[in-house]
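Me: I have a structure open and would like to go through it slowly with you. Could you take my questions one at a time?

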Amino acid sequence: MGTEVEYGVSLPGQPSANAMLLSAQVVNSYASTLPAGRARRTSWDFEEESPLRDARGFDLGGSGAGGAIAQEFIEAEEDAGMANVILPNGARLYVDHAHPEYSSPEVTNPLDAVRWDKAGELVMLEAIRRLPNAPGMHPAINLYKNNTDNKGASYGAHENYLCRRDTPFASLVRHLVPFFVTRQVMCGAGRVGLGQDGRGVGFQITQRADFFEVEVGLETTLKPPIVNTRDEPHADADRYRRLHVIIGDANMSEISTYLKVGTTAMVLAMIEANFLADDLAISQPVRELHEVSHDPSLRHAIGLADGRTITALDLQGEYLDRARKFVDDRLGDDVDDQTRDVLDRWESVLNRLARDPMQLAGELDWVAKLRLLEGYRERDGLGWDAPRLQLVDLQYSDVRPEKGLYHRLVSRGAMQMLLAPGAAESAVNAPPEDTRAFFRGECLRRYGPSVAAASWDSVIFDIGRESLVRVPMLEPQRGTRAHVGELLDRCATAADLIEALNSGR
């Protein structure tokens, strides 16, 4: 699994500043911190990119209008190559849709997903701290880990999960739609304003819900769907698919991120095992997605396809109950610590939300933000249409510790943390050790000047031969420290590594 976050970008005093240029400056600023000749000179390998291949069996990258769309997409991606950095921790930092984006390396568990997601916040913070000393750069660019400018624009916080190819995509859609519509009660980031432009008065649970318009589809920006159909596995396509989840919010809270990815991975495991019954389908998923987000009291009754009604909390409880039975049936007493912890936290959060959402003000983003906002409202007699509240909303997600309200809550001990001190800091430069990200990151660290390009599923070396040498990485759980650590230790140069790989030594 892994996360992708597009950060909000602004230049104080210049609201019409070119966002693409600002984003490129952020990425290039961080690139300047990397050792010369290493990752910052390594380009992204677009060879295996297929963003317009649809899981439902068609490909917009063919001839005709679809091909034109594909070419436009590829050209836009390649234009961003000047601000496209592969990091020594195996992550990607680049400009996507006029936002600086950090795509985390692949990890195998929810706690590591939190760790390398938080490392992305530190990367962005270091980038803007370097700007005042970088020639030709704007010295004061601000970054926000949020999802909307409240003027009608939204930007993504995506998740990716490795799934079995033999699982019918229709099964993924059928069981994920009700889950995605309701999981926002745990992982919403909170937002002042209703509707895409935020002009509606009030507070809602998520930043992104109002922007979703269809149940299933390939798009990520125009008419975004609850379930995205992009079929771009970044792995052996005969064995795997990558579920590209675009419906989540960008979370500051470690617990919100942990539950977001942990519960989703568990639901996917149940779908792959054909464990779930077809009795939770929602009659009008898009409408209910909006309605659940607009009701912080959590009392809204969702209409199911069979005529029943159920709250978001109770529907999540159904998934939880089935997950507990699934784990008991498959693992018994051999359940691992993180699986047990995800189940226990899932249950605890749902129970406390049912009693009083404010009990979660030290754990979940939307509740923490709501408590802050209610404090300002009570103190100053503000209505939900007060511009100051939108400022508080934005400031919650500021990446600067001295400015961000989330960071102030952390410094006061008002937010619970999951990561050990220093865990995110060390993940800025170190890749996960139990996925192929280890090979990618270590190749950049050890052989940086010889790495011509890289992607999620390949590293391309320039070792002085007539042609470049591509090393494919189609199996995400190969290339780990256990798998290649000794090999890398005995290969002093990239040429030594290629020779060893070719000879099978």
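This is a predicted model: local features need pLDDT of at least 70, side-chain atom pairs count only at pLDDT 80 or more; totals for chains, interfaces and linings use all residues.

Me: In what sense do S4 and S5 pair, and over how many bridges?

Reply: S4 and S5 pair in the antiparallel sense, over three bridges. Two strands are said to pair if DSSP finds at least two bridges between them, and the strands themselves (E, at least two residues), like the helices (H or I, at least four), are DSSP runs numbered from the N terminus.

Me: What is the order of strands in the open sheet?

Reply: The open sheet has six strands in the order S4-S5-S6-S1-S8-S13, and the pairing is antiparallel. At its edges are strand S4 (84-86) and strand S13 (240-245), each of which pairs on one side only. On average, neighbouring strands of this sheet are turned by 20° against each other, with direction ignored.

Me: Which helices pack on the sheet?

Reply: Helix H3 (residues 110-130) packs on the sheet and touches S1, S5 and S6, and its direction makes about 145° with that of S6. H6 also packs on the sheet, where it touches S1, strand S8 (157-164) and S13, and its direction makes about 30° with that of S8. For such angles, axes are lines fitted to C-alpha atoms, for helices over the stretch in contact, and the angles run from 0 to 180 degrees between N-to-C directions.

Me: Now Glu 6: is it buried or exposed, and what is the nearest side chain of opposite charge?

Reply: Glu 6, which lies in strand S1 (residues 2-6), is buried yet has no salt bridge, and the nearest side chain of opposite charge, Arg 208, is 7.3 Å away. Buried means under 20% relative accessible area, exposed means over 50%, and partly exposed is in between (1.4 Å probe, protein chains only). A salt bridge is a side-chain nitrogen of Lys or Arg within 4 Å of a carboxyl oxygen of Asp or Glu. As for charge, Lys and Arg count as positive and Asp and Glu as negative, while His and the chain ends are not counted.

Me: And what is Glu 6 in contact with?

Reply: Leaving aside neighbours within four places in sequence, its contacts (heavy atoms within 4.5 Å) include Asp 96, His 97, Asn 146 and Tyr 155.

Me: What is the phi of His 97?

Reply: Phi of His 97 is near 50°, which is a positive value in a residue other than glycine. Most residues other than glycine have a negative phi. His 97 sits in the loop between strand S5 (92-96) and strand S6 (99-103), and it is partly exposed, with a relative accessible area of 44%. Asn 274 has a positive phi too, of about 55°, although it is not a glycine, and with 67% relative accessibility it counts as exposed.

Me: Back to salt bridges, how many are there by this rule?

Reply: The count comes to 37 salt bridges. Among them, the side chains of Arg 174 and Asp 278 meet at 2.9 Å, N to O. This pair links distant parts of the chain, with Arg 174 in helix H4 (residues 169-182) and Asp 278 in the loop between H6 and H7, 104 residues apart. Arg 174 is partly exposed at 37% relative accessibility, whereas Asp 278 is exposed at 54%.

Me: How many disulfides does a search of the whole structure find?

Reply: The search finds zero disulfides, where a disulfide is a pair of cysteine sulfur atoms within 2.5 Å.

Key:
Residues are numbered from 1 along each chain as its sequence is written. Side-chain values use heavy atoms; hydrogens and water are left out.
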